[in-house]
Protein chains: 2
Amino acid sequence: IAKEVAKLLEMKAQLGGDEGKHKFVLKTPKGTRDYSPKQMAIRERVFNAIITCFKRHGAEVIDTPVFELKETLTGKYGEDSKLIYDLKDQGGELLSLRYDLTVPFARYLAMNKITNIKRYHIAKVYRRDNPAMTRGRYREFYQCDFDIAGQFDPMIPDAECLKIVHEILSDLQLGDFLIKVNDRRILDGMFAVCGVPDSKFRTICSSVDKLDKMPWEEVRSEMVGEKGLSPEAADHIGEYVQLHGGLDLIERLLQDPKLSQHKLAKEGLGDMKLLFEYLTLFGIAGKISFDLSLARGLDYYTGVIFEAVLLQQENDHVEESVSVGSVAGGGRYDGLVGMFDPKGRKVPCVGVSIGIERIFSILEQRVEASEEKIRTTETQVLVASAQKKLLEERLKLISELWDAGIKAEVLYKKNPKLLNQLQYCEDTGIPLVAIVGEQELKDGVVKLRVVATREEVNVRRESLVEEIRMRTSRP
Amino acid sequence: IAKEVAKLLEMKAQLGGDEGKHKFVLKTPKGTRDYSPKQMAIRERVFNAIITCFKRHGAEVIDTPVFELKETLTGKYGEDSKLIYDLKDQGGELLSLRYDLTVPFARYLAMNKITNIKRYHIAKVYRRDNPAMTRGRYREFYQCDFDIAGQFDPMIPDAECLKIVHEILSDLQLGDFLIKVNDRRILDGMFAVCGVPDSKFRTICSSVDKLDKMPWEEVRSEMVGEKGLSPEAADHIGEYVQLHGGLDLIERLLQDPKLSQHKLAKEGLGDMKLLFEYLTLFGIAGKISFDLSLARGLDYYTGVIFEAVLLQQENDHVEESVSVGSVAGGGRYDGLVGMFDPKGRKVPCVGVSIGIERIFSILEQRVEASEEKIRTTETQVLVASAQKKLLEERLKLISELWDAGIKAEVLYKKNPKLLNQLQYCEDTGIPLVAIVGEQELKDGVVKLRVVATREEVNVRRESLVEEIRMRTSRP
């Protein structure tokens, strides 16, 4: 209390001292950004590729509120819970901004007693993380989630999630990529046979998760120093987490005298083998790596986990490509819905989340480098006039075009110069100009000018809509 | 301070008492909701109509963060400021959820020194209002905004905003509607000639704004009782706010001996006349009513204001249709961008905001009533098998289809019954089934079944993609 009182007094002092002219800061909140029309055009392309893929796989779409009851998010994110944005208590319920789309999805399933759905959800999530915006790390960012909920035969939905990641990353042409796969049950088995006490599984798992950003030596010293693991156990883990491969590695571990004795690990390895069979049928096993160092931070995973990374193009001569960051991740979470159900009824789920921001950064840089000109509108025709005093005629004509579904603009000037009107088309990429003039009005025609070629033709007014449609239909 | 300490002690006591088993509440926050796949399908239709219209008028699109610095929103919303959601102070900047899309737009323009843009923005906004969800009033709701910023000749962009409202409401077939128009300058002139002191303009304006929900007598008593206006002034206002009409009323008020002497009112009336001329050219003047009772709550409007209401269909026999609620509103705000600019440079703006929730409620009810079956996926074909042990073959075939861009699903069962597979198609509206069987595999064909007609044809595997495309292309 004394501390709180001191804080309040300090606040009061600050408020009192704030008498000078207040300097207003013109910015977006830390870790957030606006999207300009050009950036939106690129973002739309990415979204289109992703949504097309999700729909190709038969997904429905849902939406949930941007905030949830605070308690809905409590106990779902382990060490990351401190990054949740809370809303101020203004009376009424305590609320938090969503941290991901998975927990709201589980809440939605439990609340509506849905036991079987394949859905996607594209929305912004919020994390009070240290932003690194040039590397595409924000506090407000999009997630594009695809999940399959329901009791099914093993690994078929899991394999489809990996197929989806493969399709999207191929479609977006982001260069070479690798999808790492592991299983929480294999990790738990590995921890058990290495002598990690049960109570330390989650925290040691968090340490392993840092292996993509830290060398093993640092991770080891965190395990031993901070988390009190025995050096022997840590070294034993160190041997396992170096391993990665395909079916051959799975077979080898199934023969591992210790691991194969662990019930969950054995189950996980059996499923991993099945998964690789399905991935081979899908023709994508070549891009998948069974990697024992993959751990994923979140608490709610219970089975298969995976993460897709882009590989650096420049280092082709190096033996192994260096990963430049995760662009998708996911896994199986069979217990999460049960945490919300009053009777604890479980709904098995597996899903994938595509991280759009990194992908978007890469494509934005690529557009910048290529000097590709991106149109930010779809306007087909500018309604213009060559002489003065024709505003009314321009408004009448554009109204006809709008009503016929033509995308049309007009300059908001009474008497714009023809040159300015043509320049506007050049600047914004409008392909056609419909010019009205005294003579054209008398003759019942409109002069249609093709901006690119400067060709001009007189079109009868009643044929104008058809002519514009024909000239602007995609080839 | 003492009060704060007491509050803290009380909170501590409460926390201490919370020892019993916590009862978890499974719900979305007050005033919010989830969207189910079916609701999303309806929402997408509405968005498509709106976006198509915005693009037809040549708008670009932008996006801004869901929260802004608290001070960005301060002093923009008058009496409604108390409805802003603040975020908890967790260290760092003080943030609030956006209350509308207009203030973030103005902040965006000032921050990027943009003086000329036509943009739309569709996003959720947040208001701690009393929700009335059956009538489409939520705490989290979508706004679809279209705004034109820039120094232009009078009333041309303003008229286009009204044209857009007219197009969207017509396109959505929501029944009869009316667009009320007024001008803040005319209102201010009216207040001045009625003897309202300058200092009371804004608060009396707020009272007038309630006329669509309260009878005049109540509004009058608020003006006189709560706000201390003289009864004479109130009665004088009462005479004006009954007036509504078209060009005739504008002409009459231009002759009004007092109002025509007020500089701003005269300007406003002159512009109103020009606006009606343009609306006549657009062929929409019949749905527009110049209405002196329209005030709009927000502080930032400086010129034309408008609001679209749907008219109740059932009361056709009543002399005047009863309005069932506002579905769009907007106006001119020439000073808002200047509030953010360090040098106070103004960017004139006019814009319209379409309120999607009410429209969505109406369309949702209509779909319920019509028993129209809405598909929530776009799947073209289900890959099925008639016999057991063909999972691998199904996965191989569906992978081929996905890679060719066909929207396809498969049941996640090792050995699903054919009947269950066909039932799934009936339930979800999938039009085609591609059936693999031993014989078909031997013959290099796939049996394609049309769900609606039960017709079955054998299609050569290499022609399957083409055949599915042909049979599912829109007519």
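The dialogue below takes the features in turn, beginning with the model itself.

Student: What conventions apply here?

Tutor: This is a predicted model, in which local features need pLDDT of at least 70 and side-chain atom pairs count only at pLDDT 80 or more, while totals for chains, interfaces and linings use all residues. Residues are numbered from 1 along each chain as its sequence is written, chains are lettered from A and ligands numbered from 1 in the order in which they are written, and side-chain values use heavy atoms, with hydrogens and water left out.

Student: What average pLDDT does chain A have?

Tutor: The term pLDDT denotes the predictor's confidence in each residue, from 0 to 100. Chain A has an average of 91, and 94% of its residues score at least 70. For the model, ipTM is 0.90 and pTM is 0.90.

Student: Which rotation superposes chain B on chain A?

Tutor: Copies are superposed by least squares on the C-alpha atoms of residues with pLDDT of at least 70 in both. Here a rotation of 180°, with 0.0 Å of shift along its axis, brings chain B onto chain A at an RMSD of 0.1 Å. The two copies are thus related as by a two-fold rotation axis. Moreover, 100% of the interface residues of chain B are also interface residues in chain A, so the copies meet through the same surface.

Student: How many salt bridges does a search of the whole structure find?

Tutor: Side chains of opposite charge can pair when their charged atoms come close. The criterion is a side-chain nitrogen of Lys or Arg within 4 Å of a carboxyl oxygen of Asp or Glu. By that criterion, the search finds 80 salt bridges over all chains.

One of them joins A:Glu368 to A:Lys38, with the closest N and O atoms 3.7 Å apart. A:Glu368 belongs to helix H13 (residues 356–370) of chain A and A:Lys38 to helix H2 (residues 37–56) of chain A, so the pair ties together parts that are 330 residues apart in sequence. Helices (H or I, at least four residues) and strands (E, at least two) are DSSP runs, numbered from the N terminus.

Student: Which side chain meets B:Asp34 in a salt bridge?

Tutor: The partner is A:Arg107, at 2.6 Å from N to O. This pair crosses between chains: B:Asp34 is in the loop between helix H1 (2–17) and helix H2 (37–56) of chain B, and A:Arg107 is in helix H4 (residues 102–111) of chain A. On accessibility, buried means under 20% relative accessible area, exposed over 50%, and partly exposed in between (1.4 Å probe, protein chains only). B:Asp34 is buried at 10%, and A:Arg107 is buried at 0%. A:Lys38, at 35%, is partly exposed.

Student: Which residues are joined with A:Asp183 into one network?

Tutor: A:Asp183 forms a salt bridge with A:Arg185, the closest N and O atoms being 2.8 Å apart. Through salt bridges that share partners, A:Asp183, A:Arg185, A:Lys263, A:Glu267 and A:Asp271 form one network. A:Asp183 is buried at 0% relative accessibility, and A:Arg185 is buried at 13%.

Student: How many disulfides are counted over all chains?

Tutor: A disulfide is a covalent bond between the sulfur atoms of two cysteines. The rule requires a pair of cysteine sulfur atoms within 2.5 Å, and the count over all chains is zero. For A:Cys205, the nearest cysteine sulfur is that of A:Cys194, 13 Å away. The sulfur of A:Cys349 is 10 Å from the closest cysteine sulfur, in A:Cys161, too far for a bond. A:Cys205 is buried at 2% relative accessibility, and A:Cys349 is buried at 0%.

Student: What is the order of the strands in the open sheet of chain B?

Tutor: Two strands pair if DSSP finds at least two bridges between them. The five strands run in the order E13-E12-E14-E15-E16, with mixed pairing. The edge strands, each pairing on one side only, are E13 and strand E16 (456–460) of chain B. E12(B) pairs in the parallel sense with strand E13 (residues 408–409) of chain B over two bridges, and with strand E14 (residues 432–436) of chain B, also in the parallel sense, over five bridges. Five of the five residues of strand E12 (residues 381–385) of chain B are buried, so it is largely enclosed by the rest of the structure.

Technical notes: Contact means heavy atoms within 4.5 Å.
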